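Thanks for asking me to look this over.

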Amino acid sequence: MSAAAQIDDLSFVHPGAELPALDHVSLSVPAGESTALLGPSGAGKTTLLALLDGRLRGWRGRVSALGAPLDPDHPPPRASRPDVGFVFQEFALVERSSVLRNVLNGRLGRMSPLRAVLGSPSPRDQEVARAALADCGIADLAERRVDSLSGGQRQRVAIARCLAQEPHLILADEPVSNLDPARAAEILTLLTGAARARGATVLFSSHQPDLARRFADRIVGMRDGRIAFDVAVGDLSDVTTADLYRETVAHPGIGLRAVT
Amino acid sequence: MRSREFGGFAAGMLVAGAVLWSFVTTDVELSRLLSAGPRIADFLGRMVPPDPTVMNEIVKGSAETLRIAILGSLGAVILSVPLGILASETIVSRAVFRPVRTLLAFIRAIPLILVAMLMVGAVGLGPLPGIIAVAFHATGMLAKFYAEAIDGVSREPIAALESAGAGPLAQLRYAIWPQMAPVVARDTIFRFELNLRESLILGVVGAGGIGFYIQTYVRSFQYDKAASVTLAVIAMVIAIEAINIVLRRRIA
């Protein structure tokens with residue numbers, strides 16, 4: 001199977017930090033699947049996702065997303081950025097704009113620069129945006145302002161904006177950490193379902209092993225900036241996810257031995 | 001706790017001392033205030049009924065004050081856009097925004113009436129010195145407000161649009177401006193209200209507007225006419241405030 005993202009011996013230290021956020025990480029994210037990055041806060045999940053999105057500079061190693069190598073010193077070319085979508089943990093929506101406007105913002109990279117600046121989306125742009133709204137179950141909220149929405153509704157807007165940019169690789173940073181368990185399952189169902197329907201790869205981070213096990217095809221455990229284990233969910237049968245999580249936190253490496 | 005109590009005691013003594021010093025060194029004769037009763041009654045009596053024949057002057061003066069406030073505010077906005085950018089902590093370096101902010105604080109420290117007197121000396125009587133004075137004086141506050149509007153923009157939505165492949169102009173239009181616009185509009189309207197209020201008295205120093213008539217009528221003991229002008233000023237201030245409240249509610 002080809003890889004949607006390929007990472008070899010990647011290390012990164014945040015400016016001003018002493019310990020590396022990513023420490024000699026090697027990882028292959030299979031195309032067309034859902035992969036969960038599982039680990040406690042501070043494990044390096046957010047850093048890894050932001051780096052794959054082309055937002056970090058000054059790392060060492062070799063990284064490619066969708067077959068295109070990333071440059072540690074320069075942002076990716078703008079034309080390729082819509083191919084990698086990002087769902088931000090804090091949503092990163094324009095609060096005073098409408099839901100539809102926020103979702104159309106996801107189309108800006110697919111429009112001609114003139115259309116983008118003049119604010120005249122093509123019929124196709126509008127169609128894609130409307131379809132994304134419908135897929136996220138918020139078609140009836142299109143004209144509402146984001147600052148009038150609940151947390152769960154905002155998360156749907158953030159996902160709809162990401163879908164509107166028609167990405168081939170969707171990176172989602174803790175997409176359900178702010179939601180109650182029922183909402184969390186709903187959101188992950190729609191995210192992984194919409195991605196599968198579009199043939200897109202999903203890489204999402206989480207600190208909840210049960211959700212990772214339920215919604216991912218593959219789980220990559222992270223701790224202290226390293227990969228603790230990397231396992232297909234189908235091979236997890238003799239280990240409970242709770243054990244897996246405890247071992248991930250307490251002894252990186254043991255979880256890996258236990259499941260292989 | 002103990003030092004706090006002492007601090008409170010010291011502050012109380014300081015205030016009492018300042019009040020005492022003012023009373024002793026100022027020629028305040030309470031007897032004068034008491035005997036002034038009939039004089040004040042006479043003064044107020046001559047103000048009623050207000051003389052309605054000065055309607056033409058009131059309309060003319062008010063219109064000129066309004067023009068001074070509008071053109072002065074326009075000048076302040078034009079000056080505040082570049083100065084606001086240069087005073088922003090997030091766009092320019094400390095070496096730039098520090099001196100610009102100091103300059104703005106310096107401008108704010110000069111009262112409008114003083115600027116107006118200097119401008120009358122420089123360019124002569126009439127509305128022109130008033131307009132220049134308002135533009136100069138208001139820039140001290142408005143540029144600071146604009147800088148704060150720029151610095152208050154949250155970075156995350158901008159990063160999100162950049163990640164989606166939006167260019168710099170599209171980011172400005174759809175992530176930066178929607179966050180700034182309501183703040184800029186609210187602050188500009190607020191400053192316009194202040195400009196209009198403050199320019200009501202500019203005529204007193206010959207810098208144009210309705211203040212000229214207050215000055216003229218009071219000096220020539222035509223208190224009934226002065227009363228009419230005063231009522232017109234009160235009506236204008238209330239109207240401005242009411243309009244501002246409505247506008248602010250719509251922007252929120």
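1. A word on strands to start: helices (H or I, at least four residues) and strands (E, at least two) are DSSP runs, numbered from the N terminus, and two strands pair if DSSP finds at least two bridges between them. The model is predicted, with local features needing pLDDT of at least 70 and side-chain atom pairs counting only at pLDDT 80 or more, while totals for chains, interfaces and linings use all residues. Residues are numbered from 1 along each chain as its sequence is written, with chains lettered from A and ligands numbered from 1 in the order in which they are written.

2. A:Ala5 stands opposite A:Ala65 in β4(A), and its bridge partner in β2(A) is A:Val29. Strand β1 (residues 3–12) of chain A is antiparallel to strand β2 (residues 22–30) of chain A, over 6 bridges. β1(A) also runs antiparallel to strand β4 (residues 60–65) of chain A, joined by 5 bridges.

3. Chain B has 11 helices and 0 strands. Its C-alpha trace spans about 80 × 65 × 40 Å along the principal axes.

4. Now for contacts (C-beta atoms, placed from the backbone, within 7 Å). In chain B, 72% of the contacts with a separation of 6 or more are between residues 24 or more positions apart. Between the chains, 22 residues of chain A are in contact with 18 residues of chain B. Helix α3 (residues 113–118) of chain A supplies the largest share of chain A's side, 3 residues.

5. Which residues touch the most other members of the largest nonpolar core? Among them are A:Leu52, A:Ile170 and B:Leu161, in a core of 85 residues. Such a core is a set of buried Ala, Val, Leu, Ile, Met, Phe, Trp, Tyr and Cys residues joined through C-beta atoms within 7 Å; buried means 20 or more other C-beta atoms within 10 Å of a residue's own, again placed from the backbone. Helix α5 (residues 151–164) of chain A gives the most to this core, 7 residues.

6. A second, separate core has 46 residues, including B:Phe212 and B:Tyr223. Of the 252 residues of chain B, 33% count as buried.

Methods:
Two residues are in contact if their C-beta atoms, placed from the backbone, lie within 7 Å. A residue is buried if 20 or more other C-beta atoms lie within 10 Å of its own, exposed if 12 or fewer, and partly exposed in between; C-beta atoms are placed from the backbone.
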